[in-house]
Amino acid sequence: MALIRTLALKPDILLLDEPMSALDSQARLAISDDIYRIIKQEGKTAIMVTHDIAEAISMSDRIIVLTKRPAIVKSIYKIDLDNKSTPINNRSSKNFSSYYDAIWRDLDVHL
């Protein structure tokens with residue numbers, strides 16, 4: 001796994017650009033728990049780019065929503081989930097859906 005090779009170099013910050021985008025939904029959930037555990041265990045800061053709102057909420061301490069091009073910071077959310085543990089368990093947090101709804105509205109997606 002590329003993450004393990006990267007950690008061997010002892011970086012201060014990890015940059016993860018859509019790290020699970022090529023995975024099916026079950027593998028994505030399992031790998032998110034593994035990545036989350038490794039990052040916490042190693043005490044690293046990670047900046048992750050994702051278009052998956054649930055993934056962002058379940059794995060993050062903070063979410064930054066950017067505007068369309070040119071990208072500027074639109075909103076910053078400090079994620080404070082009840083009983084925060086693993087990404088899979090975090091999705092069942094009482095306030096998970098509140099964050100999801102607020103971020104969805106912030107994205108201003110017109111279907």
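User: So what covers the buried residues of H5?
Analyst: Keep in mind that this is a predicted model. The cover includes two helices, H3 (53-59) and H4 (87-90), along with strands E3 (62-66) and E4 (73-78).

User: Which residues of H5 are the buried ones?
Analyst: Phe96, Tyr99, Ala102, Ile103 and Asp106. Looking down the axis of H5, they fall within an arc of 140°, so they line one face of the helix.

User: Why would that kind of spacing put residues on one side?
Analyst: An α-helix has 3.6 residues a turn, so residues three or four places apart point the same way.

User: Switching to pockets: what volume does the largest pocket have?
Analyst: About 1300 Å³. It is lined by 33 residues, and the closest to its centre are Met48, Val49, Thr50, Ile63 and Ile64.

User: Which elements supply at least two residues of that lining?
Analyst: H2 (25-42), E2 (45-49), H3, E3 and H5 each do. By class, the lining has 18 nonpolar, 9 charged and 6 polar residues.

User: Last one: is serine 32 buried or exposed?
Analyst: Buried, with a relative accessible area of 1%. Serine 32 lies in helix H2, and beyond its neighbours within four places in sequence, it is in contact with Met20, Met59 and Pro87.

Technical notes: Residues are numbered from 1 along each chain as its sequence is written. This is a predicted model: local features need pLDDT of at least 70, side-chain atom pairs count only at pLDDT 80 or more; totals for chains, interfaces and linings use all residues. Side-chain values use heavy atoms; hydrogens and water are left out. Buried means under 20% relative accessible area, exposed over 50%, partly exposed in between (1.4 Å probe, protein chains only). Helices (H or I, at least four residues) and strands (E, at least two) are DSSP runs, numbered from the N terminus. The arc is that of the directions from the helix axis to the C-beta atoms. Contact means heavy atoms within 4.5 Å. On a 1 Å grid over the protein atoms alone, a cavity is a set of points where a 1.4 Å probe fits but cannot get out, and a pocket is an open set with protein on both sides within 12 Å along at least five of seven lines; lining residues have an atom within 4 Å of a point. Grid points are joined across faces, edges and corners, and a volume is the space filled by probe spheres set on the points. Ala, Val, Leu, Ile, Met, Phe, Trp, Tyr, Cys and Pro count as nonpolar, Asp, Glu, Lys and Arg as charged, and the others, Gly among them, as polar.
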